[in-house]
Amino acid sequence: MVVFPVPFRGAGVVGDRGGGAVHEVHESISLSPLLRRSTAALCVVLGIVLVIVCGFAAIVEHDPAGYVGAVLSAVLSFGLAAYMWKVRVIITTDAERVSIALSPGLRQVFRWDEVVSATAVHIGMGSGIGYRMTGPGMRVILASPGAGVRFRLHDGREISVATDRRDELIELARRRAPDLQ
């Protein structure tokens with residue numbers, strides 16, 4: 001297990017996840033407060049507009065399907081707002097693997113022996129917030145733009161993540177990945 005100097009945002013040890021291995025959280029990166037509030041507010045406003053439109057259509061047309069549309073619009077938009085409020089990227093490692101998760105949700109896991117290169121990169125907002133497939137086998141997992149690491153794997157996949165701890169993550173890759181270029 002790797003121990004990095006503290007302080008980390010959200011650092012600590014995450015307990016046993018069923019496989020007997022204890023993982024250390026390198027970094028837990030949440031959306032910036034402004035971005036989190038603005039995306040959640042946009043989802044809520046969009047939901048309110050859709051509820052009003054569907055409800056108005058149901059009243060005018062006397063169609064019960066409009067009420068179902070209004071309820072579904074409310075549930076989906078408020079659910080999306082709650083998801084955007086909770087979204088964060090969590091980077092964890094152990095002696096064998098790396099896990100980069102968009103939490104709650106998608107996760108990319110790969111073994112250190114699959115890593116061919118770990119390169120310092122800058123990831124901008126053009127990549128978008130969240131989990132993006134930018135090409136065949138190319139993934140970007142991003143909560144906030146900035147300095148990051150791009151891992152290239154033996155099978156051709158590339159996985160990029162923005163992190164304030166990119167130098168430590170690259171150094172860890174140099175120590176753990178046997179085929180690192």
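User: Hi! Is D94 buried or exposed?
Analyst: D94 is buried, because its relative accessible area is 7% and buried means under 20%. Keep in mind that this is a predicted model.

User: Got it. Where does D94 sit in the chain?
Analyst: You'll find D94 in the loop that runs between β3 (88-93) and β4 (97-103).

User: And what does the side chain of D94 reach?
Analyst: The D94 side chain reaches the backbone nitrogen of E96, at 2.9 Å.

User: Okay, E96 then. Which residue does E96 form a salt bridge with?
Analyst: With R97. The closest N and O atoms of that pair are 3.4 Å apart. As for R97, this residue is partly exposed, with 30% relative accessible area.

User: Why would two side chains pair up like that?
Analyst: Side chains of opposite charge can pair when their charged atoms come close.

User: Nice. How many salt bridges are there in the whole structure?
Analyst: A search of the whole structure turns up nine salt bridges. One of them joins the side chains of R165 and E168, at 3.6 Å from N to O.

User: R165 and E168, are they buried or partly exposed?
Analyst: R165 is partly exposed, at 24% relative accessible area. E168 is partly exposed too, at 23%.

User: Which residues are linked in a network of salt bridges?
Analyst: That network links R111, D113, E114, D155 and R157. Within it, the side chains of R111 and E114 meet at 3.9 Å, N to O.

User: Let's stay with E114. Where is E114 found?
Analyst: E114 is found in the loop between β5 (107-111) and β6 (115-123).

User: Is E114 buried or exposed?
Analyst: E114 counts as buried because its relative accessibility is 16%, and the cut-off for buried is under 20%. Its salt-bridge partner R111 counts as partly exposed, at 43%.

User: What does E114 touch, not counting residues up to four places away in sequence?
Analyst: Leaving those sequence neighbours aside, E114 touches R152, L153, H154 and R157.

User: Switching topic: which residues make the nonpolar surface patch?
Analyst: V45, V49 and V53 make the patch, and the area is about 250 Å².

User: Which helix does V53 lie in?
Analyst: V53 lies in helix α1, which covers residues 33-61.

Methods:
Residues are numbered from 1 along each chain as its sequence is written. This is a predicted model: local features need pLDDT of at least 70, side-chain atom pairs count only at pLDDT 80 or more; totals for chains, interfaces and linings use all residues. Side-chain values use heavy atoms; hydrogens and water are left out. Helices (H or I, at least four residues) and strands (E, at least two) are DSSP runs, numbered from the N terminus. Buried means under 20% relative accessible area, exposed over 50%, partly exposed in between (1.4 Å probe, protein chains only). Contact means heavy atoms within 4.5 Å. Patches are made of residues with over 30% relative accessible area and no salt bridge: like charges are joined within 9 Å, nonpolar side chains (Val, Leu, Ile, Met, Phe, Trp, Tyr) within 5 Å. Accessible areas come from the Shrake-Rupley method with a 1.4 Å probe; for residues, only the protein chains shown count as cover. A salt bridge is a side-chain nitrogen of Lys or Arg within 4 Å of a carboxyl oxygen of Asp or Glu. A polar contact is a pair of N or O atoms within 3.5 Å; within protein, one must be able to donate a hydrogen and the other to accept it, and residues adjacent in sequence count only if both atoms are side-chain atoms.
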